[in-house]
Amino acid sequence: MATNRPKEHPIREILLHGQHPFPKDMEDMILRLNLKPNAITAEIAMDAYDWERGEQLERGRKKLLALCASHGV
């Protein structure tokens, strides 16, 4: 049964609602980063809107990989 809830931020859609707005590899990195306090930055949160539209994906992957490396995930 479909819900009529308003759409949330793309990262919240992953974390709270199990939706899949990004490619799987990016979602996996976001899920791992979510385990670390303050790992998901405001910059990443803003970039997520581009990624949801399929834009800037390679740049996004590089940012997420760098964040994962710096947070040890």
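User: Is Glu-55 partly exposed or buried, and at what relative accessibility?

Analyst: Keep in mind that this is a predicted model. Glu-55 pairs up with Arg-53 in a salt bridge, with the closest N and O atoms 3.3 Å apart. Buried would need under 20% and exposed over 50%. Glu-55 therefore counts as partly exposed, at a relative accessibility of 36%.

User: Which residue forms a salt bridge with Asp-25?

Analyst: Start with where the two partners sit: Asp-25 is in helix 2 and the other residue is in helix 4, so the pair ties together parts that are 36 residues apart in sequence. The closest N and O atoms are 2.6 Å apart, and the partner is Arg-61.

User: OK, and which residues does the salt-bridge network join?

Analyst: Salt bridges can share partners, and here that links three residues into one network. One of its links is the bridge between Asp-25 and Arg-61.

User: Where does Lys-63 lie, given its salt bridge with Glu-43?

Analyst: The side chains of Glu-43 and Lys-63 meet at 2.6 Å, N to O. Both ends are partly exposed, Glu-43 at 49% and Lys-63 at 22%. Glu-43 belongs to helix 3, so this pair ties together parts that are 20 residues apart in sequence, with Lys-63 in helix 4.

User: Why do the buried residues of helix 4 line one face?

Analyst: The buried residues are Gly-60, Arg-61, Leu-64, Leu-67 and Cys-68. An α-helix has 3.6 residues a turn, so residues three or four places apart point the same way. On the other side of helix 4, exposed residues include Glu-58, Lys-62 and Ser-70. Seen down the axis, the buried ones line one face because they fall within an arc of 130°.

User: What do those buried residues of helix 4 pack against?

Analyst: Helix 4 covers residues 57-71 and reaches 21 Å from its first C-alpha to its last. Its buried residues pack against two other helices, helix 2 (24-33) and helix 3 (42-52).

User: What is the angle between the planes of Phe-22 and Trp-51?

Analyst: A search of the whole structure finds one aromatic pair, and its members are Phe-22 and Trp-51, 5.8 Å centre to centre. Phe-22 counts as buried at 5% relative accessibility, and Trp-51 does too, at 2%. Planes over 60 degrees apart count as edge-to-face, which is how this pair is classed, and the angle is 80°.

Methods
Residues are numbered from 1 along each chain as its sequence is written. This is a predicted model: local features need pLDDT of at least 70, side-chain atom pairs count only at pLDDT 80 or more; totals for chains, interfaces and linings use all residues. Side-chain values use heavy atoms; hydrogens and water are left out. Helices (H or I, at least four residues) and strands (E, at least two) are DSSP runs, numbered from the N terminus. The expected span of a helix is 1.5 Å times one less than its number of residues. Buried means under 20% relative accessible area, exposed over 50%, partly exposed in between (1.4 Å probe, protein chains only). The arc is that of the directions from the helix axis to the C-beta atoms. Contact means heavy atoms within 4.5 Å. Rings of Phe, Tyr and Trp (its six-membered ring) pair if their centres lie within 6.5 Å; planes under 30 degrees apart count as stacked, over 60 as edge-to-face and the rest as tilted. A salt bridge is a side-chain nitrogen of Lys or Arg within 4 Å of a carboxyl oxygen of Asp or Glu.
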